[in-house]
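Have the model open as you read.

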Amino acid sequence: MEKIRQFASAKASQFTESVIREMSRIAAKHGAINLAQGFPDFPAPEAIKEAAVRAIREDHNQYAITWGTKGLRDAIAGKTKKDYGIDIDPETQITVCCGSTEGMIATLLATINPGDEVIIFEPFYENYGADVILCGASPKYIKLNAPDFSFDQDELAALFSKKTRAIILNTPNNPTGKVFTQEELGFIAELCIKYDTLAITDEIYEHILFDGAVHYPIWNIPGMGDRTVIVNGISKTYSVTGWRIGYVLASPAVSQSIRKVHDFLTVGAAAPLQVAAAEALQFAPAYYQELASFYHVRRDFLLNRLEQVGFTCAKPAGAYYIMTDIRPFGWDDDVAFARYLTEEIGVAVVPGSSFYRQGIAEGKQYVRFCFCKKMETLEAAAQRLNKLR
């Protein structure tokens, strides 16, 4: 029999498909309540939906400018100035992408060379490691230490070298809920300036904050404006994860490179949804206050119920996830426990190891719950979880 060559690339063999999205498929198969993948099960705001319908009826149905409609870029620049005092030129510093996920890979492909090193905080959103590998670079990991997910400054400083091209930040953080402080960001900025390193910061959960936590863009630290790339989008703030409207803010020189990569990755994001997104970005401040309060109630409810049934939980300061330690139940295999919860208890979660590089034992003690759900969904999940008592 003729031997067929293996056509999978060496890069692709270094990571698995998304465990998060796999858990959604398993949840559907077993009729489990999906507290795994971070998408809401409630409607998006009426105003943004109506804006999208109106945009389609007004025939915004053909290709937009590759790097985003002028209306959306202007709205992004206006909101960024209003929220953080950052002046952005919408003509040269904004690239609209097909979700923040594409924004991240487009940024890395546009700025990273094979052989470079990229620092990633661990645990991390699963795409980051795969993205760095796809760029031919080497990921270097710095541990976030439970329960507050702080990091050792000496350990981080030791990772930086002349080969360090970028560091990836995610604040508020998925999966831990950590919100990086001004002091932490200042230390990271010092290292970026010293080693001429790019800070690529995923800020998709910027408005989901609790207990007085404040989101600070590292961009605002002196010396970091030209060394920072902000990756963001509308998915989480406006509950439209399926729309895939993201954006990247960077210096004109970096944006020019990102725009070229983005053009050949996806050409452009959906035109009518960009028109609707521009309207959403002009919502009044009360919308964002209500959003944080909405999720605060859900965080406290699920945190309380998880602790009642025996989980050890890390209280998140932002985003909409809770990392939980499964060892009180006598389990030390997160994948097996996640499948048990999904198939036998009827609640789907994400195994903690998917947020760690392969072979790191610590990840096997965690699973992640999400609380971006209707209260009745969380209440039904809590009833099922009572079987663990």
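Predicted model: local features only at pLDDT ≥ 70, side-chain atom pairs only at ≥ 80, totals over all residues.

Residues are numbered from 1 along each chain as its sequence is written, and side-chain values use heavy atoms, with hydrogens and water left out.

Helices (H or I, at least four residues) and strands (E, at least two) are DSSP runs numbered from the N terminus. Axes are lines fitted to C-alpha atoms, for helices over the stretch in contact, and angles run from 0 to 180 degrees between N-to-C directions.

| Helix pair | Angle | Axes apart |
|---|---|---|
| α10 (residues 285-309) and α12 (residues 375-385) | about 5° | 10 Å |
| α4 (residues 99-111) and α5 (residues 127-134) | about 30° | 9 Å |

The angle makes α10 roughly parallel to α12, a label for angles under 35 degrees. Contact (heavy atoms within 4.5 Å) involves residues including Phe301 and Leu302 of α10 and Leu378 and Ala382 of α12.

Likewise, α4 is roughly parallel to α5. Among the residues in contact are Met104 and Leu108 of α4, with Tyr128 and Val132 of α5.

Now to the sheet: four strands form an open sheet in the order β9-β10-β13-β12, with antiparallel pairing (two strands pair if DSSP finds at least two bridges between them). β9 (312-314) and β12 (350-351) are at the edges, each with a single partner strand, so one side of each lacks a neighbour in the sheet. Five bridges link β10 (residues 321-325) to β13 (residues 366-370), and aspartate 325 sits opposite tyrosine 366 in β13. Helix α10 packs on this sheet, touching β9, β10 and β13.

Terms used. Parallel < 35°, antiparallel > 145°, perpendicular 65-115°, else oblique.
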